[in-house]
Amino acid sequence: MTQETVAAASEAVLDREETISRDELEALQLSRLQHTVAYAYDRVPLYKRKFDEAGVHPTDLRELADLGKFPFTTKEDLRLEYPFGMFAVPQHEVARIHASSGTTGRATVVGYTKKDLADWAKLVARSLRASGVRPGMKVHNAYGYGLFTGGMGAHAGAEALGCTVIPISGGQTERQITLIQDFKPDAILATPTYLLTIADAMMKQGIDPASTSLKFAVLGAEPWTEEMRHELETTMNIKACDIYGLSEVMGPGVAGEAVETQDGSHIWEDHFRPEIIDAFDPSVVLGDGEHGELVFTSLTKEALPIIRYRTKDLTRLLPGTARPAHRRMGRITGRSDDMIILRGVNLFPSQIEEIALRIPELSPHFQLELTRPEGQRMDQLTVKIERRESVTVESVASAAKVLQQQIKIHVGSSCAVDVVEPGSLERSNGKLRRIYDMRPKA
């Protein structure tokens, strides 16, 4: 990927809201926030009940800082209101419904009016454009279609940008490779671990992943590290950028990363007001630069306005760069509900990824197994990780020892390391499962 290609990709006509000053943006936020809070209070029984119980009223929101007076919304709230209790419009105004898989409990259901869908497509298009995608490009969309918001959200945004969309969805890796070779797309949309799966499968077929037509990858739906970005960019000769979203807030396109800076996703603050709270004391709203849990309030949604939604994603807010008025998200270090507490130490899969990818003999393919050996009171973490194809079996023992030592130094917890054969661990077909909890159930 040449610097000229990146420079050309960074030259684009921006939305007016991308170029306004911070003062103009915050004035717009306040106006939209006051409307949204009153709208939710009047139309969604859950919000009227929660506001009344908290002793706050929409008229109490006179400045942006007043948002901290209002109660949070959680995934459990959406589950309790299943299926349509969170909707603020009558059914005939809901143009589309999406829902979570419900694998960890009752599904969360979200709805969109026609205006919501148009806004969503515009923000995904904005995110793709920021990441280097341009009108007229062919876009290979490997996000899953269906009730999951990723596939259709990315698809609509690419079409709104003026791209030709190849709607392959997730899975069918061999067919993905065939279409990439035959259709010659310019960009690919996928989770980072699934793009890694595609690259590995290409190499097994004798195809050089760096030889394809792909120039840009817009990756999201799971946390990933700078080390993973380097792995994918080097392997595939692409520029890889992040896209952030979650269905409860909208879907993909809540924030997007600029290809010219690659320094974190800019949150589209003309549509969403972000906050960072202390994950252990949610009453504390943290300042920019401080690490905590990300919270979102929607500013323009009609069908499902969301007030102070606790995402569980752990990050921090940083000043805007490529889009100066819009703050950036730091890399998501993990989710508070994915955190492993091992003998009193907090640990996230992204920390293991970051360390492992600095060790040349080890691949990005790993799993974390939690066990409690019979007769013992302490939990045991085993990192199962594949060696790279070019590495001999004889040299993996020293690599395992280095990984074990580095985890102890940088994370603060002891673990076992099991280096396994290439191709022996499960591959991603979308979102990858990293943690396998094999401890006896209480």
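Lys and Arg count here as positive and Asp and Glu as negative, with His and the chain ends not counted; the place of a charge is taken as NZ of Lys, CZ of Arg, CG of Asp or CD of Glu. The structure is a predicted model, in which local features need pLDDT of at least 70 and side-chain atom pairs count only at pLDDT 80 or more, while totals for chains, interfaces and linings use all residues. Residues are numbered from 1 along each chain as its sequence is written, and side-chain values use heavy atoms, with hydrogens and water left out.

**Figure 1. Charged side chains and surface of the chain.** The chain carries 52 positive and 61 negative side chains, and the centres of these two sets are 2 Å apart. Its accessible surface (Shrake-Rupley method, 1.4 Å probe) amounts to about 18,600 Å², and carbon and sulfur atoms supply 52% of that area.

**Figure 2. Overall fold of the chain.** The secondary structure comprises 12 helices and 22 strands, taken as DSSP runs (helices H or I, at least four residues; strands E, at least two) numbered from the N terminus. Along the principal axes, the C-alpha atoms fill a box of roughly 70 × 60 × 40 Å. Of the 442 residues, 55% are buried, where buried means under 20% relative accessible area, exposed over 50%, and partly exposed in between (1.4 Å probe, protein chains only).

Figure 3. The whole structure contains zero disulfides, a disulfide being a pair of cysteine sulfur atoms within 2.5 Å. C241 is accordingly in no disulfide, and the nearest cysteine sulfur, that of C163, is 14 Å away. C241 is buried, with a relative accessible area of 0%. C415 is also buried, at 6%.

**Figure 4. The loop residue T225.** T225 belongs to the loop between β6 (216-220) and α10 (226-236). Its relative accessibility is 6%, so T225 counts as buried. Leaving aside residues up to four places away in sequence, T225 touches R331, S350, E353 and E354; contact means heavy atoms within 4.5 Å.

**Figure 5. The loop residue E421.** E421 is situated in the loop between β21 (416-420) and β22 (435-437). This residue counts as partly exposed because its relative accessibility is 42%. Apart from residues up to four places away in sequence, E421 touches E386, R387 and V393. The C-alpha atoms of E421 and I385 are separated by 8.4 Å, although the two residues are 36 residues apart along the chain.
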